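Subject: Structure for you to look at

Hello,

Here is the structure I said I would pass on. Please open it first, then read my notes beside it.

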Amino acid sequence: MSVPAAYLTVILIWSTTPLAIQWSSVGVGYEFGVAARMFIGLLALLAIIRLRGQSLPWNRHARLVYLVSGISLFLAMSLVYWSAQFIPSGWISVIFGLSPLITSALATIILHENNLTAGRLIGMLLGLAGLAVVFAEGLTLAGAAWMGVVGMIVGTLIHSLGAVLLQKLKTDIPAITITAGSLIVATPAFVLNFAVMRSWPEQIGTTTMLSIVYLALLGSTLGFPLYFYLLKKLNAERVALIALITPVTALLVGALLNNETINTRVWLGTALILSGLAIYEYGKYLKFAKKWQKRWNQRPL
């Protein structure tokens, strides 16, 4: 696949995944939706690995990588699917868009990386301000929307922590293999959670089933490898633009296909989060950020 086609495909998948998550739980519960997605995705990935003639490493280091990624996958995705019951689908992408900022902060703490420049700190503060606006909007809505916002925040935090821990392990295992290994660990947990919490659905709607298959084959099996393919072909800053595009497109998809309301406060929170991400990724090119960075470097230690 060409780089432009891969880029547009990832944007499309990430833009539609939040709504598909909501639809995949209709009439069957989120436990069944996520368990079915992971089971189908695992079978598809194992089939692809076999067709490619690749092996699935199972040494001590590989098992540790699968365990870390699998546990973080189970916890993070369980919270995302649970939270999707309470908030509009577009909010999922908006809050999850904070993951680069959270990952950087955790990397500073856990990996002792000195990457928190003055510009990046400004970006983080803007992102947190946007999150506060979205959370405040959740408090004003009827029902338990605030619970969905909190669940998404915790899920994003766990996802980012898993990414940092994988960096600490310094693995050279291919992305598709890590994905398959993590699903080997996580899928039994998803299935067990469904078996304990829900009975087998008497009927599965067409929209629900198509959403599950879409998430399994495109969201998990295709989207993740394509993302890493782009990281190899493009510089990280161009790939990071995806995180600035998909929250807006996910909000529009939810409004267009699911009649979700997007009020001024949500747009304001989204704008603050995306501005924070933009400054975080590209602030070094701005004059005011360069001045802040010079002062930051000259601060007394």
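A helix here is a DSSP run of H or I that covers at least four residues, and helices are numbered from the N terminus. With that in hand, the pattern of the protein chain along its sequence reads α-α-α-α-α-α-α-α-α-α-α-α. In other words, the protein chain has 12 helices and 0 strands. Please keep in mind that this is a predicted model.

Some totals for the chain come next. The protein chain has 301 residues, and 47% of them count as buried. Among contacts with a separation of 6 or more, 88% are between residues 24 or more positions apart.

Now to the packing of helices. Two packed helices are described by the angle between their axes and by the distance between those axes. I looked at two pairs, and H4 belongs to both.

How do helix H4 and helix H7 pack, and at what angle? Helix H4 covers residues 89–96 and helix H7 covers residues 145–169; their axes are 9 Å apart, at an angle of about 40 degrees. The crossing in which H4 passes H7 is right-handed. On the H4 side, the contact is made by Trp 91, Ile 92, Ile 95 and Phe 96, and on the H7 side by Val 149, Met 152, Ile 153, Thr 156 and His 159. Sorted by type, the residues of this contact of H4 with H7 are 7 nonpolar, 2 polar and no charged.

The second pair is H1 with H4. Helix H1 covers residues 3–23, and its axis comes within 8 Å of the axis of H4, with a crossing at roughly 130 degrees. The crossing of H1 and H4 is right-handed. Pro 18, Leu 19 and Gln 22 of H1 make the contact with Ser 89, Ile 92 and Ser 93 of H4. The residues of the contact of H1 with H4 divide into 3 nonpolar, 3 polar and no charged. Ile 92 of H4 is listed in the contact with H7 and in the contact with H1.

Thr 16 lies in helix H1. Is Thr 16 buried or exposed? Thr 16 counts as buried because its relative accessibility is 18%, and the cut-off for buried is under 20%. Apart from neighbours within four places in sequence, Thr 16 is in contact with Tyr 214 and Val 253. The C-alpha atoms of Thr 16 and Gly 254 are separated by 8.3 Å, although these residues are 238 residues apart along the chain.

Thr 177 lies in helix H8, which covers residues 175–197. Thr 177 has 2% relative accessibility, so Thr 177 counts as buried. Leaving out residues up to four places away in sequence, Thr 177 touches Ile 49, Ser 55, Leu 56, Pro 57 and Tyr 66.

Asn 259 lies in the loop between helix H10 (236–258) and helix H11 (264–282). At 68% relative accessibility, Asn 259 counts as exposed. Most residues other than glycine have a negative phi. Phi of Asn 259, however, is near 55 degrees, a positive value.

Regards

Terms used: Residues numbered from 1 in each chain as written. Predicted model: local features only at pLDDT ≥ 70, side-chain atom pairs only at ≥ 80, totals over all residues. Heavy atoms only, no water. Axes fitted to C-alpha atoms, helices over the stretch in contact; angles between N-to-C directions. Left-handed = near helix turned anticlockwise from the far one by under 90°. Contact = heavy atoms within 4.5 Å. Nonpolar A, V, L, I, M, F, W, Y, C, P; charged D, E, K, R; others polar. Buried < 20%, exposed > 50% of the residue type's maximum accessible area, 1.4 Å probe, protein only.
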